[in-house]
Amino acid sequence: MSLEPSADPAADRRATYDYRSSDVDRPALVDDLMRLVTCEIRADTYSRQLYATDASAYELTPIAVAFPESTADVAGILEYCAEREIPVLPRGGGTSLAGQTVNRAVVLDFTRHMNEILEIDPTGRTATVQPGTILGTLNEALAPHDLKFAPDPAWGDKSAIGGAIGNNSTGAHSLTYGKTDAYIESVEAVLADGTVTEFGAVTRDEIDDRADPDGDLEARIYAEVARILDEDAELVDETYPDLKRNVSGYNLDRLVAEYRGETLPGGEETGEPKTVNLARLLAGSEGTLAIVTEATVSLESVPETKAVSLLCYADLHQAMAEVEPILEHDPAAVEVLDDVLLDLARETAEFGPVTEMLPEGTNAVLLVEFYADDAAHGREQVAGLLADRCPDAAAEGEPAADAPRTDDEHRAIDALEAYEKEARTTFWKLRKSGLPILLSRTTDEKHISFIEDTAIPPAQLPTFVERFEEILENHDTYATFYAHAGPGVLHVRPLINTKTEVGLDQLHGIADAVTDLVVELGGSVSGEHGDGRARTQWNRKLYGDELWETFQELKTAFDPDWILNPGQVVFREDDPTDLREHLRFDPDYEFDSGFDPELEWDNDNGMQGMVELCHGCGGCRGEQETTGGVMCPTYRASREEITATRGRANALRQAMSGEMDRGEAVSDEFVEEVMDLCIGCKGCAVDCPSEVDMAKLKAEVTHEYHQRNGASLRDRLFANVATLSKWGSRLAPLSNAATSVPGARKLLEATVGIDSNRSLPTFEPVTFREWFANRGGSRIAEREAKRKAVVYPDTYTNYSNPAAGKAAVRVLEAAGVHVTVPGELDDTGRPAFSKGFLEKARTTARENVAALSPLVADGWDVVVIEPSDAVMFQSDYLDLLSSDSAERLAGATYGVCEYLDAFRLDEAIEFDDRSTDRSLTYHGHCHQKATKKDHHAVGVLRRAGYTVDPLDSGCCGMAGSFGYEAEHGSMSDAIASILYEQVADSDGERVVAPGASCRTQLENRPTATEKPPTPIELVAAALS
Ligand SMILES: Cc1cc2nc3c(=O)[nH]c(=O)nc-3n(C[C@H](O)[C@H](O)[C@H](O)COP(=O)(O)OP(=O)(O)OC[C@H]3O[C@@H](n4cnc5c(N)ncnc54)[C@H](O)[C@@H]3O)c2cc1C
Ligand code: SF4
Ligand code: SF4
């Protein structure tokens, strides 16, 4: 099982892009490496810049990027680099938060090719995988066996096993499962000189047999391990904090505990003394000791069920004081959410209702989860917890007779319980709800991750939080406190502007003071996210000079010339790591977009605010099967970083801040390689935690490109599709026949670049508007109507698919709505907007607003059938026009099913269930998903009597005109193939989709028997 794209979209002969820029830095290095290895090596500007960042605050341009396909490739690259002392950096998803995947090095991206699950052994409960395997994908494959890779980092559906080993990752359930190291059985690894070896469990005798301080690299590693066990074990035992979660420095406490056969701080038994697992020494080494090319990991059973309680407190301090007694109840997770995050959640439409369930005065919550054998067991555990910690709450179950009783003081105001999956998921989503809002700040001040990952003994949490707050106050800033209270790992991201010297002082001052506090309280600087550029410098403070030297010696033993990700975990005295260096935004940072933006950006702190918004989390690299949602279809099709929202956002920011040549953002190459492949689906505007709106940025860049270079004939044709459609309809059926003339499509491809494999839309001789006028207007009199609606004749409905318009009129009238269809209007401006003709789109927007505003003022609603046109009124007009009338039009506009659902108009309709016997597979339009409006059609179809399977699908790949453009045909097909698979897996007998482009694409799928109908047509078909 592997994660190869279904086809390489750039391999199409018509594709003019290759995901690279034409200039190559260090071509000799690329040539040399290409002779030695079989995999691709890139050193062009775009590729290097794309790998200059991760999810941290850091940025450093690498030397080159390689995409290894085999262990031999990795060995070849290392051998070459070792001879020349060129640094090398292994990388998974690049989701690290401390900067450990940012270095001046040859980056090895394992997620492209070395992502195979090689073997699953359900009986032995192990899996053998390549390092680029995404954890979410592994767990999907394990699900049929009721097994899982237990450590659950929150971003597991975007991060890889190599990264989990590199960071020794874990997640919310570390109380039960511990960290990644507990699950590494053995690894194949490539050493710094290119030697391929295996690490796993070894006895002391085997270590001694292999150890030789004067031998080859491997022998020297064993010699150093033996030395540490003999000379430093006592020191390690005394110095390492007694914590369940500590990933600062090297994993020496486990090494020593295993050697002594002692129990680890988390309670894990280590087995027979004098045996150590050296593969586990690589856990948390952040790519600095060796490069993992294959790993065998052990697996855990998926729990039967879970139970959750949400304990409510008057403040964070009260909540912190409860953590220790709660742990006596053996929960799987204890997570905290403070007042700032609760307030942010209260303001959201999604979580407002949940927060309303919290008792008045709740300013902090602890989410406590139990794993349970069955529902009754779950209730019993929650009841035991509540009887002890919140006796006033009326628990649903009865506590076990032996449930723990802890201290007498009860601090919780009240508690909520959740047993069903949906309710539990809502509580977990609440816990995670505020962070995206925190990360959506478009100001220069950002919530920076640099001291966000401390681990503190739970008993010390109240003191820690109080003193941390004082430190923040002393440094004139604030932060929120959230995450894994159970193991003492609080995520705290102070608000800092690193573009100023004051900000840099805050960064250093806070980190210095907090690390002092951590050491004083027996904690660790990093409990989960690793050292990286942000925290490596504090390891000496944490562990002392002697162990710091041990770290240096261990590093030297593995990597004599310090070429493996140098400067992380430990540094050389002559090359120290400083958390203030290599920041993405520093006082030297200068932004200049090179042009005046055309759209409204006031809500985003200017276009610059949006260009700088992406924080690099890699959320846009999730797969359809595991992450779901829309973002980002082009990445899912190609698995190229440049086609992910992150890649585009990074490239755009770098092109506008001097990291690339000035003016690069509107150069031919940048537009073609970076912006052109964004299909403008708006998935990122809703799925990205920071709500990066790449479609809007693309519109700006394309507009400026047109201003400077003019637009192609094809772009102008697509922008004017309303006029073309009008003529197409007038000349129908002749116009339809024209494209069937032999050779016509080939000619269109050769002259205009329209894909000859696509069938073009056909036109109806009688338009929707004409049909409505011919029938004599609405059959429901205005005075008898519940509501009155303007059914907008959007271009596609009016000229190509009047059937959907007719269906809408019939259904609305059946629901008692008086309708009208305006004369003249037929274009919302969507095609011009998508193609970057922003002035034209604005003119069209003004015409529509002028024509429709009086009707809106008179109480008419505006109903639009084509989803992207509805969203144009509802959302994009506000980017084009800053006027009250545009806002009023936006507020009065509905997609047709949204309209029926929002006012429950369809409930007045009698449906005939004889017409609804075929079950449906529903694919929503991405623009409706971006505005959270695609669920309406499902509700209406179900009430009409249909059985509906709504797909969690992305964009169809057609994306307006994108799929018609010859050079984009293969990308469009590759995106579509993801949707086709979902359709094939669905039980629905018919496919239904509201969007014209989606329906065209779905008609092209190999098993299609019809062009899918629109939902409104099926609702109309069910009218009795
Ligand atoms: C929103 C968000 C939430 C997060 N939540 C969590 C969480 O709950 N728990 C948690 O632990 N982390 C969390 N993280 C941090 C990060 O996602 C995890 O540490 C993750 O496991 C890193 O995996 P990756 O594939 O992205 O690795 P990368 O970031 O690419 O690499 C991580 C480290 O591993 C090294 N590495 C990668 N591949 C190899 C290899 N083949 N051989 C040797 N070394 C290698 C790299 O050099 C680097 O030092 C979060 C990050 C984000 C953005
Ligand atoms: S675009 Fe959004 S999801 Fe993607 S990396 Fe940036 S912030 Fe994360
Ligand atoms: S608009 Fe769509 S294709 Fe473009 S970056 Fe966002 S999610 Fe990706």
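This report walks through backbone geometry, aromatic contacts and a charged surface patch in a predicted model.

Residues are numbered from 1 along each chain as its sequence is written, and chains are lettered from A, with ligands numbered from 1, in the order in which they are written. Because the model is predicted, local features need pLDDT of at least 70 and side-chain atom pairs count only at pLDDT 80 or more, while totals for chains, interfaces and linings use all residues; side-chain values use heavy atoms, leaving out hydrogens and water.

**Backbone geometry**

Let us start with the backbone. Most residues other than glycine have a negative phi, and most peptide bonds are trans. Asp330, not a glycine, has a positive phi of about 60°, and so does Ala483, at about 100°. Asp330 sits in the loop between α10 (316-327) and β15 (333-337), whereas Ala483 belongs to strand β19 (residues 481-484). Helices (H or I, at least four residues) and strands (E, at least two) are DSSP runs, numbered from the N terminus. Asp330 is exposed, with a relative accessible area of 62%, while Ala483 is buried, at 0%. Here buried means under 20% relative accessible area, exposed over 50%, and partly exposed in between (1.4 Å probe, protein chains only).

There are also cis peptide bonds to look at. One runs from Met631 to Cys632, with omega near -10°, and Cys632 lies in the loop between α19 (606-611) and α20 (633-638). Another joins Ala732 and Pro733, with omega about 5°; Pro733 is in the loop between α26 (721-730) and α27 (734-738).

**Aromatic contacts**

Rings of Phe, Tyr and Trp (its six-membered ring) pair if their centres lie within 6.5 Å; planes under 30 degrees apart count as stacked, over 60 as edge-to-face and the rest as tilted. By this rule there are 22 aromatic pairs, including these:

| Pair | Centre to centre | Angle between planes | Arrangement |
|---|---|---|---|
| Tyr177 and Tyr371 | 5.8 Å | 45° | tilted |
| Trp771 and Phe772 | 6.4 Å | 55° | tilted |

The pair of Tyr177, in helix α6 (residues 174-177), and Tyr371, in strand β16, links distant parts of the chain, 194 residues apart. Tyr177 and Tyr371 are both buried, and both Trp771 and Phe772 are buried. Tyr240, Tyr250, Tyr543 and Phe551 form one aromatic cluster.

**A charged patch**

On the surface, Asp146, Glu304, Asp373, Asp374, Glu380 and Asp402 gather in a patch of negative charge. Asp373 lies in the loop between β16 (364-372) and α13 (375-389) and is exposed, at 57% relative accessibility.

Notes
Patch = residues over 30% accessible without salt bridge, like charges linked within 9 Å, V, L, I, M, F, W, Y side chains within 5 Å. Areas by Shrake-Rupley, 256 points an atom, 1.4 Å probe, with all protein chains shown as cover. Salt bridge = Lys/Arg side-chain N within 4 Å of Asp/Glu carboxyl O. Lys, Arg positive; Asp, Glu negative; His and termini not counted. Charge placed at Lys NZ, Arg CZ, Asp CG, Glu CD.
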